[in-house]
Amino acid sequence: MDLITSQDGDIPLFVRAGDGNESDKAVFGKVLVEFKKQIKFDSIMVCDSALYGQENLQLIQHLKWITRVPMTIKKAKELVQNIEVEEVKDEDKEKRSDLNLESYTWKEEIVTYGGIKQTWLIVLSEKRQKSDLEKLEKQLSQEEKKSQKFLKEIQSEEFEHPQAARYKLKAINKKLRLLEIKEVELIETYSKKKEKIYKMISLIIKKDEEISRKTKEAGKFILATNLVEENKLEASEILITYKNQQSTERGFRFLKDPLFFTDSFFVEKPERIETMLFLMSLCLLIYNLGQRELRNCLKRVKKGINNQVGKVTLRPTLRWIFQCFKGIHYVILNGVKQIVNLTEERRFILSLLPASCERYYL
């Protein structure tokens, strides 16, 4: 399923059921072109790295876009390895803090790729760098244990020919990324049966070049946009806009929620699958419209409500609001009709919702 949502409120704007075997790279550009044919308004399309390819860039060159550059591109590898991100000036630190970008640094480069002139923003995230370096240390530790086992194995094995020993060593090294078992000496000796054999003396060495490469890459990624010259965006705008791509992920998380019970349905016909996806997307639309309206109202009145852990928030989820309204009952006692458990907080929430919602309770 392909889904396009708005940055403001995660509202689904476009839904498409696709073949399960199709590649994102093959359809992303076509999906964006089809979307712009149906809904015409000035917008920036934000996608992940599956969009970034010469064919797709040519296809969407008339659109405004921001995407991530895959590290498989030679130019991207070179920049991540060699470029130094700019130091943050004192006057910019407060501004970045206000934008929640204090842990990011970056550097801009003008690049032409796929015949399209674009801005590449090489970004370093401190949090991600720390995480990447921790993963690298863990991977190195795991490989050290694995390579010790391989070393013991190859040094205890008896080989009939030198080529057999070297072939085995080559096969072992293919399983290692950061370390290498190196041949020191191949000893010719005799087995207990007086047959000529070969034994290998080896040692473990680190692949310093590979470790250095991964260390330099830690925490870095590249964002690309065709918004250059008169349409140019500030670096902070590019990063913030790209990060807001999470709105689509939140949409998919909603659709995959176990409460939908989709795993308990079995439908075989493509038409029925498409119908189910459409109904789920319609639910997402209604849910996010309600959530957006509630959050905007809280922002206007400058008053929050308690979330699940008792902290005041201006951005509650609509699911939490549903939970807040559990336990409200319609009671008829001695012929008198009344609503039970309608607390002040619940009344306040109702005042933020449309009148049609209030009529159920008031």
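What is the volume of the largest pocket? In this predicted model, the volume of the largest pocket is about 770 Å³.

## Lining of the largest pocket

The lining of the largest pocket consists of 33 residues. Nearest the centre of the pocket lie Leu3, Ile4, Val46, Cys47 and Thr248. Sorted by class, the lining has 16 nonpolar residues, 11 polar residues and 6 charged residues.

Several elements contribute at least two lining residues each: the strands S1 (2-5), S2 (12-16) and S3 (44-47), together with the helices H1 (24-38) and H9 (246-255). Helix H1 gives the most, with 6 residues.

## Packing of helices H5 and H7

Two packed helices are described by the angle between their axes and the distance between the axes. Helix H5 covers residues 126-156, and helix H7 covers residues 208-217. The angle between H5 and H7 is about 155 degrees, and their axes are 9 Å apart. Because angles over 145 degrees count as roughly antiparallel, H5 is roughly antiparallel to H7. The crossing of these two helices, H5 and H7, is right-handed.

## Residues between H5 and H7

Which residues make the contact of H5 with H7? From H5 come Leu133, Leu136 and Leu140, and from H7 come Ile211, Lys214 and Thr215. By class, the residues of this contact are 4 nonpolar, 1 polar and 1 charged.

Note on methods
Residues numbered from 1 in each chain as written. Predicted model: local features only at pLDDT ≥ 70, side-chain atom pairs only at ≥ 80, totals over all residues. Heavy atoms only, no water. 1 Å grid on protein atoms, 1.4 Å probe; cavity = no way out; pocket = protein on both sides within 12 Å on 5 of 7 lines; lining within 4 Å. Points joined across faces, edges and corners; volume = space filled by probe spheres on them. Helix = DSSP H or I, 4+ residues; strand = E, 2+ residues; numbered from the N terminus. Nonpolar A, V, L, I, M, F, W, Y, C, P; charged D, E, K, R; others polar. Axes fitted to C-alpha atoms, helices over the stretch in contact; angles between N-to-C directions. Parallel < 35°, antiparallel > 145°, perpendicular 65-115°, else oblique. Left-handed = near helix turned anticlockwise from the far one by under 90°. Contact = heavy atoms within 4.5 Å.
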